[in-house]
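Please look over the sequence and the structure below. A short report on the fold and on selected residues follows.

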Amino acid sequence: MSDNRREDFVKRLSTVGFGARESIQVMLSNVVFDIREQVVHKRFREDEMDEVISFHDDAEALWRDAIATTPPISPTELYDRLSALAKRCVGPLGQFESKLSH
């Protein structure tokens, strides 16, 4: 990779942001993965599955939007959607509340 291509790539990444945004992306991917693993291993009751699936789909959608670089999700929207997810962390999803609130 030439220096110009490398510099262009680093500039593009820096407009999206390292640090908090990157940590949120990793945390969301972990939440999505954890839910999938727990579903496969039958850690949720059948009557909990509608809420688990809805939460998973919203977390996955936010993860996809958080990794988008063109255009990047605004910090306000990211915060609002994370907060909304955290508020849904009750019952079987309570295990994810501290991650999302942090």
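In which helix does His56 lie? His56 lies in helix H3. Helices are DSSP runs of H or I with at least four residues, strands are runs of E with at least two, and both are numbered from the N terminus.

This is a predicted model, in which local features need pLDDT of at least 70 and side-chain atom pairs count only at pLDDT 80 or more, while totals for chains, interfaces and linings use all residues. Residues are numbered from 1 along each chain as its sequence is written, and side-chain values use heavy atoms, with hydrogens and water left out.

**His56 and its surroundings**

His56 is buried, at a relative accessible area of 12%. Buried means under 20% relative accessible area, exposed means over 50%, and partly exposed lies in between (1.4 Å probe, protein chains only). Leaving out residues up to four places away in sequence, His56 touches Val32, Ile35 and Arg36. Contact here means heavy atoms within 4.5 Å.

**The nonpolar core**

The largest nonpolar core holds 22 residues. Such a core is a set of buried Ala, Val, Leu, Ile, Met, Phe, Trp, Tyr and Cys residues joined through side-chain atoms within 4.5 Å. Leu28, Phe55, Leu82, Phe96 and Leu100 have the most contacts inside it. Helices H2 (20-40), H3 (49-67) and H4 (75-87) each supply at least two residues of this core. In soluble globular proteins, nonpolar side chains tend to be buried together.

Take Leu100 from that list. Not counting residues up to four places away in sequence, Leu100 touches Met27, Leu28, Phe55, Leu82, Leu85, Ala86 and Cys89.

**The aromatic pair**

How many aromatic pairs are there? The count comes to one. Rings of Phe, Tyr and Trp (its six-membered ring) pair if their centres lie within 6.5 Å; planes under 30 degrees apart count as stacked, over 60 as edge-to-face and the rest as tilted. The ring centres of Phe55 and Phe96 are 6.1 Å apart and the planes are at 20°, so this pair is stacked. The pair links distant parts of the chain, 41 residues apart. Phe55 sits in helix H3, and Phe96 in the loop between H4 and helix H5 (97-101). Both Phe55 and Phe96 are buried.

**H2 against H4**

The axes of H2 and H4 come within 12 Å and cross at roughly 35°. Axes are lines fitted to C-alpha atoms, for helices over the stretch in contact, and angles run from 0 to 180 degrees between N-to-C directions. The crossing of H2 and H4 is left-handed. That term applies if the near helix is turned anticlockwise from the far one by less than a right angle; clockwise is right-handed. H2 makes the contact with Arg21, Ile24, Met27 and Leu28, and H4 with Pro75, Leu78, Leu82 and Leu85. By class, the contact of H2 with H4 has seven nonpolar, no polar and one charged residues. Ala, Val, Leu, Ile, Met, Phe, Trp, Tyr, Cys and Pro count as nonpolar, Asp, Glu, Lys and Arg as charged, and the others, Gly among them, as polar.

**Partly exposed charged residues**

Glu51 lies in helix H3, Asp34 in helix H2 and Arg81 in helix H4. The contacts in the table leave out neighbours up to four places away in sequence.

| Residue | Relative accessibility | Contacts |
|---|---|---|
| Glu51 | 37% | Arg88, Leu93 |
| Asp34 | 24% | Phe96, Lys99 |
| Arg81 | 23% | Ala61, Leu62, Asp65, Ile73 |

For Arg81 and Ala59, 22 residues apart in sequence, the C-alpha separation is 8.9 Å. Asp34 and Leu78 are 44 residues apart along the chain, with C-alpha atoms separated by 21 Å.

**Loops and backbone**

Most residues other than glycine have a negative phi, and most peptide bonds are trans. Lys42 is not a glycine, yet has a positive phi of about 55°. Lys42 lies in the loop between H2 and H3 and is exposed, at 72% relative accessible area. A cis peptide bond, with omega about -10°, joins Thr70 and Pro71. Pro71 is in the loop between H3 and H4.

Gly91 belongs to the loop between H4 and H5. Gly91 is exposed, at 64% relative accessible area.
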